[in-house]
Amino acid sequence: MGGGALASGAVVGGRYTIVRELSSGGMGAVYEAAHLFTKKRVALKTMLPGLDADPRMSSDFDREMSVTAAIECPYLVQVLDAGIDGTTRFLLAMQRPDGGF
């Protein structure tokens, strides 16, 4: 791990505090994060630094945000929030599965 470059305690999107990195891949990283105000734990996916400069990557992540938010299925995690923070980092907050990580 360690590919996402967000440290524990970093605030993303003005509302999520990073707890720890869970995984990273070619396009993004997933973190366990806590909402600043509700303290609710979420799985927070972010685009890797620098990829936002690529219009195709940005478009793909934007599509992922809207498509996954539209899906409602009891067998899939629910999208709770999506957006772009002040540093143009795309973020996607999802329901944290029971059982931990």
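The legends below describe close-up views of one predicted model.

**Conventions.** Residues are numbered from 1 along each chain as its sequence is written, and side-chain values use heavy atoms, with hydrogens and water left out. The model is predicted: local features need pLDDT of at least 70 and side-chain atom pairs count only at pLDDT 80 or more, while totals for chains, interfaces and linings use all residues.

View 1. Helices (H or I, at least four residues) and strands (E, at least two) are DSSP runs, numbered from the N terminus. Along the sequence the pattern reads β-β-β-β-α-β-β. The chain has 101 residues, and 36% of them are buried. Buried means under 20% relative accessible area, exposed over 50%, and partly exposed in between (1.4 Å probe, protein chains only). Among contacts with a separation of 6 or more, 40% join residues 24 or more positions apart. A contact means heavy atoms within 4.5 Å.

View 2. Two strands pair if DSSP finds at least two bridges between them. Strands of a sheet pair through backbone hydrogen bonds, either parallel or antiparallel.

**View 3. Strand 1 and strand 2 form a hairpin with 3 residues between the strands.** Strand 1 covers residues 11–12 and strand 2 covers residues 16–24. The two pair in the antiparallel sense over 2 bridges. Valine 11 has threonine 17 as its bridge partner. Valine 12 is bridged to tyrosine 16. Glycine 13 takes a positive phi near 65° in this hairpin.

**View 4. Strand 2 and strand 3 form another hairpin, with 3 residues between them.** Strand 3 spans residues 28–35. Its antiparallel pairing with strand 2 runs over 7 bridges. Tyrosine 16 is bridged to histidine 35 of strand 3.

**View 5. The largest nonpolar core has 12 residues.** Such a core is a set of buried Ala, Val, Leu, Ile, Met, Phe, Trp, Tyr and Cys residues joined through side-chain atoms within 4.5 Å. Its members include Val12, Tyr16, Ile18, Tyr31, Leu44 and Leu91. Strand 2, strand 3, strand 4 and strand 6 each give two or more residues to this core. The largest share, 3 residues, comes from strand 3. Another core, of 8 residues, lies apart from it, with Met57, Phe61, Phe90 and Leu92 among its members.

**View 6. Arginine 15 and aspartate 81 meet in a salt bridge.** A salt bridge is a side-chain nitrogen of Lys or Arg within 4 Å of a carboxyl oxygen of Asp or Glu. The N to O distance here is 2.6 Å. Arginine 15 sits in the loop between strand 1 and strand 2, and aspartate 81 in strand 5, 66 residues apart. Arginine 15 is partly exposed, at 24% relative accessible area. Aspartate 81 also touches Tyr16, Leu91, Leu92 and Ala93, not counting residues up to four places away in sequence.

**View 7. Glutamate 32 and arginine 96 meet in a salt bridge at 3.4 Å, N to O.** Glutamate 32 lies in strand 3 and arginine 96 in the segment after strand 6, so the pair ties together parts that are 64 residues apart in sequence. Glutamate 32 is buried, at 4% relative accessible area. Arginine 96 is partly exposed, at 29%. Salt bridges link Arg20, Glu32, Arg41 and Arg96 in a network.

**View 8. Glutamate 64 and lysine 45 meet in a salt bridge at 2.9 Å, N to O.** Glutamate 64 lies in helix 1 and lysine 45 in strand 4, so the pair ties together parts that are 19 residues apart in sequence. Glutamate 64 is partly exposed, at 23% relative accessible area. Lysine 45 is buried, at 17%. The count for the model comes to 6 salt bridges.
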